[in-house]
Amino acid sequence: EKEKKPTRLSLRINSLLIRHANFRHHVCGAEEVACGDGGHCVPGKLSFDNLAVSNLSAQLSLKMLSADSASFIVRHLNLKEQSGLCVDDLYFRLVANRRGATLANFCVKMPRSEVALDTVWVAFNGEESQTGVQQSQLFFKGGISSSSYVTLADFGCLLPKVGGISEKVYVNGAVVGSPSRISLKGLDVHSARRDVAIDTDV
């Protein structure tokens, strides 16, 4: 009997549309920690054990997926979560293979925040050691665009104490390094009134 050759993975989805979808996720046993009376999740606090997402709309494209590479595009995504988390728009393009990955055109928009990333490169190098064991090294390079700003009130679902802070904080800078060493270049964090300002290299 002839051996069957393994099936080669090759998948492509030109366009996947999601319109005004709702979904819930609940981990059994997490209710005592994350939920209040009657099993309802505590409002204003994001819990990944108890998610309730509403008004989820997205346009996705899987350009290519194989055993060693992938190309994925999020053209648009928005959602609301019961904790108060609100994403007005999220989009990016991700290309990855055995040697590395590239994240391009990344931007997330929230009611009072907008963060855009410069192209992020991740390189993966595998080298054979003297003992024959594969040694891996990871390198990355990227940055936050100078047009980015954050309002802490948008993240009150993660840190309730900052939910009332509505002042914009502008952030930009570059990062380069590896898991064992990270360098920040031209880090600039400041408020509109400049009463908070950080400008440094780390």
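Leu9 counts as partly exposed in this predicted model, because its relative accessibility is 45%, a value that falls between the limits of under 20% for buried and over 50% for exposed. The residue sits in the segment before strand E1, which spans residues 10–26.

From the surface, the description can turn to the interior. In soluble globular proteins, nonpolar side chains tend to be buried together. Here the largest nonpolar core has 17 residues, and the members that touch the most others are Leu77, Leu79, Leu90 and Val108. Four strands each contribute at least two residues to this core, namely E2 (50–66), E3 (69–81), E5 (89–97) and E6 (100–110). The largest share comes from E2, with five residues.

Side chains of opposite charge can pair when their charged atoms come close. The structure contains three salt bridges. One of them joins Asp68 and Arg98, with a nitrogen-to-oxygen distance of 3.9 Å. Asp68 belongs to the loop between E2 and E3, while Arg98 belongs to the loop between E5 and E6, so this pair ties together parts of the chain that lie 30 residues apart in sequence. Asp68 is partly exposed because its relative accessibility is 37%, whereas Arg98, at 61%, counts as exposed.

Another salt bridge connects Arg112 with Asp154, whose closest N and O atoms are 3.6 Å apart. Distant parts of the chain are linked here as well: Arg112 is in the loop between E6 and strand E7 (113–128), Asp154 is in the loop between strand E9 (149–151) and strand E10 (168–178), and the two are 42 residues apart. Arg112 has a relative accessible area of 41% and is therefore partly exposed. Asp154, in contrast, is buried, with a relative accessibility of 6%.

Arg193 and Glu167 also meet through their side chains in a salt bridge, at 3.2 Å from N to O. Arg193 lies in the loop between strand E11 (181–191) and strand E12 (197–200), and Glu167 in the loop between E9 and E10, which places the partners 26 residues apart. With a relative accessible area of 62%, Arg193 is exposed, while Glu167 is partly exposed at 27%.

Across the protein chain, the mean pLDDT is 84, and 82% of the residues score at least 70. Confidence is highest in E5, at 97, and lowest in helix H1 (residues 31–34), where the mean is 44. The pLDDT falls below 50 over residues 32–40, a stretch that has 12 contacts in the model beyond near neighbours in sequence. Residues 131–135 are likewise below 50, and this stretch has nine such contacts. Where pLDDT is low, the predicted coordinates should not be read in detail.

Notes: Residues numbered from 1 in each chain as written. Predicted model: local features only at pLDDT ≥ 70, side-chain atom pairs only at ≥ 80, totals over all residues. Heavy atoms only, no water. Buried < 20%, exposed > 50% of the residue type's maximum accessible area, 1.4 Å probe, protein only. Core = buried A, V, L, I, M, F, W, Y, C linked by side-chain atoms within 4.5 Å. pLDDT = per-residue confidence, 0-100. Contact = heavy atoms within 4.5 Å. Salt bridge = Lys/Arg side-chain N within 4 Å of Asp/Glu carboxyl O.
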